[in-house]
Amino acid sequence: LIGPEGKMLLQDEGIPFPAFFAMMTRRHMYEFGTTKEQLAMVSVKNHKHGTVNPYASYQSEVTLEEVLNSRLICDPVHLLEICPSTDGGSAVVLASENVARQYTTKPVEIRACSLSGPPYKGKSSITTFLSAVIGSKQAYEMAGVGSEGIDLVEMHDDSSAFEVFTYEDLGFCKKGEGGRFI
């Protein structure tokens with residue numbers, strides 16, 4: 001996040017990530033009426049998904065009440081709404097169609113890939129990741145689809161609010177509707 005004087009707020013000013021998440025979250029709540037309950041549902045959903053992943057950091061479900069009653073880290077962000085201090089990862093094995101068909105009858109085709117950045121430069125809202133907006137539009141155009149053509153997304157979820165903002169930035173819902181989208 002680059003301030004008006006060119007200072008990097010996270011690096012130069014020492015704003016810790018939970019405080020950054022809280023600023024973003026508060027702004028989204030103020031602008032769009034997003035509720036604490038809507039944001040907490042992201043954590044409920046993600047914990048549920050973790051129950052079917054033997055490598056997940058958290059493998060038990062949580063309730064909405066447990067999320068909202070977990071320790072407040074930086075108002076309005078609770079402990080169960082931010083990621084643990086662990087490393088995550090994913091991998092893709094790329095192969096030609098002929099080789100892939102030796103291992104599966106349903107190979108996955110990559111139709112587009114885009115990388116854009118920096119995430120904030122030139123944007124007006126703290127709740128928008130410009131790089132996600134630009135990168136997704138580029139990828140959709142390359143693939144010849146829109147956001148409605150996406151079946152699965154793996155996204156960075158360091159806070160519940162980040163995931164809600166990303167729904168909007170990827171075009172799965174309009175700006176400000178991410179809380180209701182969850």
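**Figure 1. Phe162 (F162) in helix α6 of a predicted model.** F162 lies in helix α6, which spans residues 160-169. Helices (DSSP runs of H or I, at least four residues) and strands (runs of E, at least two) are numbered from the N terminus. F162 is buried, with a relative accessible area of 8%; buried means under 20% relative accessible area, exposed over 50%, and partly exposed in between, for a 1.4 Å probe and protein chains only. Leaving aside residues up to four places away in sequence, F162 touches F20, F21, M24 and F129, where contact means heavy atoms within 4.5 Å. F162 and F21 are 141 residues apart along the chain, and their C-alpha atoms are separated by 7.7 Å. The model is predicted, so local features need pLDDT of at least 70 and side-chain atom pairs count only at pLDDT 80 or more, whereas totals for chains, interfaces and linings use all residues. Residues are numbered from 1 along each chain as its sequence is written, and side-chain values use heavy atoms, with hydrogens and water left out.

**Figure 2. The chain and the confidence of its prediction.** The secondary structure of the chain comes to 7 helices and 2 strands, in the order α-α-α-β-β-α-α-α-α along the sequence. Of the 182 residues in the chain, 36% are buried. Among contacts between residues at least 6 apart in sequence, 55% join residues at least 24 apart. The accessible surface comes to about 11,800 Å², and 54% of this area belongs to carbon and sulfur atoms; such areas come from the Shrake-Rupley method with a 1.4 Å probe, and for residues only the protein chains shown count as cover. The average pLDDT of the chain is 87, and 87% of the residues score at least 70; pLDDT is the predictor's confidence in each residue, from 0 to 100. Where pLDDT is low, the predicted coordinates should not be read in detail.

**Figure 3. Helix α2 and its buried residues.** Helix α2 has 15 residues, and the distance from its first C-alpha to its last is 22 Å, close to the 21 Å expected at 1.5 Å a residue. The expected span of a helix is 1.5 Å times one less than its number of residues. The buried residues in α2 are Q38, L39, A40, V42, S43, V44, H47 and G50. These buried residues pack against α1, α3 (64-69), α6 (160-169) and α7 (178-181).

**Figure 4. Lys36 (K36) and its surroundings.** K36 belongs to helix α2, which covers residues 36-50. K36 is partly exposed, with a relative accessible area of 32%. Not counting residues up to four places away in sequence, K36 touches R26, M29, L68, D75, P76 and E81. The C-alpha atoms of K36 and L64 are separated by 9.9 Å, and these two residues are 28 apart along the chain.

Figure 5. A salt bridge is a side-chain nitrogen of Lys or Arg within 4 Å of a carboxyl oxygen of Asp or Glu, and the structure holds 6 salt bridges. The side chains of R26 and D75 meet in one of them, at 3.0 Å from N to O. This pair links distant parts of the chain: R26 lies in helix α1 (residues 17-32) and D75 in the loop between β1 (72-74) and β2 (77-78), 49 residues apart. K36 also forms a salt bridge with D75, with the closest N and O atoms 4.0 Å apart. Here too the pair links distant parts of the chain, K36 in helix α2 and D75 in the loop between β1 and β2, 39 residues apart. R26 is partly exposed at 34% relative accessible area, and D75 is partly exposed at 41%.

Figure 6. The side chains of R27 and E31 meet in a salt bridge of 2.8 Å, N to O. R27 and E31 are 4 residues apart in helix α1, which means that about one helical turn separates them. An α-helix has 3.6 residues a turn, so residues three or four places apart point the same way. R27 is partly exposed, with a relative accessibility of 38%, and E31 is partly exposed, with a relative accessible area of 35%.
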